[in-house]
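Opening the notebook on this one.

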Amino acid sequence: MNENFVCKNIGVNEEGHLTFAGQDTVSLAKEYGTPLYLMDEDRIRENMRVYKKAFAENFPEGSEPLFASKACSFAQVYRIALEEGMGIDVVSSGEIYTAMKAGYPLSNAHFHGNNKTDEDIAFAIRNGIGFFVSDNREELDVIDREAQKAGIRQKVLLRLTPGIDTHTYEKINTGLVDSKFGTAIETGQAEEIVKYALTKENIELKGYHCHVGSQVFAEDVFEEAALIMIRFIGHMKDVCGYTAEYLDLGGGYGVRYVAGDGYINIAEKIRSVAETVAKASAEAGVPFPKILMEPGRSIVADAGMTLYTAGSVKRIPGYKNYVSIDGGMTDNPRFALYGSKYTCYNAGKMNEERTLNASLVGRCCESGDIIAEKIDFAQSTCRGDVMAVCTTGAYNYSMASNYNRVARPAMVMLKGGESYIAIRRETLDDLVNLDI
Ligand code: LLP
């Protein structure tokens, strides 16, 4: 069957089995068990290189893309980032610790989050974090205090809200004035917080950050954000003589989950952002700042696939059909949270006609435990079949839970035709380990 797959690394082999990164998914399910996260390491590297190359070609020296590791934080991904020369963005002591344990130098890490605790801040400074991206005044006070204790001047970017609607879904739309994140430019509070940061002796203000949203396809959103931010750089230069050295434009480029989704050419987008920044900087009379971006989803989403084993196949005549799997919202809560769409297959029956229209549902005691709705599967789908969900590399493992005390899947990396375990499967003992 000649099919147009959502990602380049998906195919079908001679046996009619779904392949991922050139490997037979049915064999992988047999070898490692299900549910199983697959991660195409070559694809992660390729995605990182696209950003690295575009940055080198379009932005001044010192600019760099940072992998937003919240999208999928585990030791091996930090090692890959290190090898590829990618900076990282971390949002908790947990992500910092994971990166450190993986040997990632924290001097190249940016610490984000709208409410870092005193402990988080002290921990990060103690371990030599490169930059804080500070969200608010209270945080600046603690960073200043902890930096003083450590006898350093801490590099800080301020998170500001440019007031932009990205038209992505509400829960991940973050650039608006009424957002819980950052400080608004429109209300004049951004100007105040910049002046405040400049009074702090142990803070070295390096520039500004904004992040407008995630899974963004809307035209020119990043250009619009860049324009507003550059104008703000110019404004602050005029108001108090401070010129930002860095401008961090956040993450957010969308990826294809289903055939109807658009496709974003990252290299072209970055070129267009660079043109906007060049023009806007000239107009504002400020130098072209060092640019940072924090892609998460567009680095790991299409590098992921999840394999399950089908259990019951329920046909309710005149109503609907269900294919139940041995995982669900515990390894992928995105439908439950956002109504997200996925492309799903019966991995072993790719060449059969797909006439069973069904919802792919999880094993949790919750009606909302759905992975995807209205999917056409092979009519003969039955217990024991391997089911595959595509594009699960971002915000699946990182948002997994143990609801219903379901153990989390293993993660297997695929690299150059080989496979290896990067995260072992959780055991029943792991589940009770913390119980006293
Ligand atoms: N930078 C900041 C400050 C962020 O808050 C985020 C994502 C990123 C970068 C990376 O954005 P990306 O390139 O991955 O779109 N759980 C949701 C997504 C939440 C995004 C949170 N912030 C989902 O599953 O769709």
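Predicted model: local features only at pLDDT ≥ 70, side-chain atom pairs only at ≥ 80, totals over all residues.

**Entry 1: helix H3.** I began with helix H3, residues 75–84, and looked up which of its side chains are hidden: Gln 76, Val 77, Tyr 78, Ile 80, Ala 81 and Glu 84 are buried.

**Entry 2: Ala 147.** Next I picked a residue in helix H6, which runs over residues 137–150 and contains Ala 147. Is Ala 147 buried or exposed? I looked up its relative accessible area, which is 0%, so Ala 147 is buried, the cut-off being under 20%. I also checked Ala 147 against Ile 125: the two are 22 residues apart in sequence, and their C-alpha atoms are 6.8 Å apart in space.

**Entry 3: the ligand.** Which residues come nearest to the ligand? There are 21 residues around it, and Ser 214, Glu 294, Arg 297, Arg 334 and Tyr 395 come nearest. I sorted that shell by class and got seven nonpolar, eight polar and six charged residues.

For Tyr 395, a polar side-chain atom sits 2.7 Å from an oxygen atom of the ligand. Gly 252 uses its backbone instead, with an N or O atom 2.9 Å from a ligand oxygen. For Lys 70, I read 3.3 Å between a polar side-chain atom and an oxygen atom of the ligand. How much of the ligand's accessible area does the protein cover? On its own the ligand has 590 Å², and the protein covers 92% of that.

**Entry 4: the second largest pocket.** Last stop was the second largest pocket, with a volume of about 420 Å³. I counted 20 lining residues there, and those nearest the pocket centre are Arg 43, Asn 47, Tyr 263, Ile 264 and Asp 302. By class, the lining comes out as ten nonpolar, five polar and five charged residues.

Helix H2 spans 41–58 and helix H9 spans 266–284, and each of them supplies at least two residues of the lining.

Methods
Residues numbered from 1 in each chain as written. Heavy atoms only, no water. 1 Å grid on protein atoms, 1.4 Å probe; cavity = no way out; pocket = protein on both sides within 12 Å on 5 of 7 lines; lining within 4 Å. Points joined across faces, edges and corners; volume = space filled by probe spheres on them. Helix = DSSP H or I, 4+ residues; strand = E, 2+ residues; numbered from the N terminus. Nonpolar A, V, L, I, M, F, W, Y, C, P; charged D, E, K, R; others polar. Near = heavy atom within 4 Å. Polar contact = N/O pair within 3.5 Å; in protein donor to acceptor, adjacent residues only side chain to side chain. Areas by Shrake-Rupley, 256 points an atom, 1.4 Å probe, with all protein chains shown as cover. Buried < 20%, exposed > 50% of the residue type's maximum accessible area, 1.4 Å probe, protein only.
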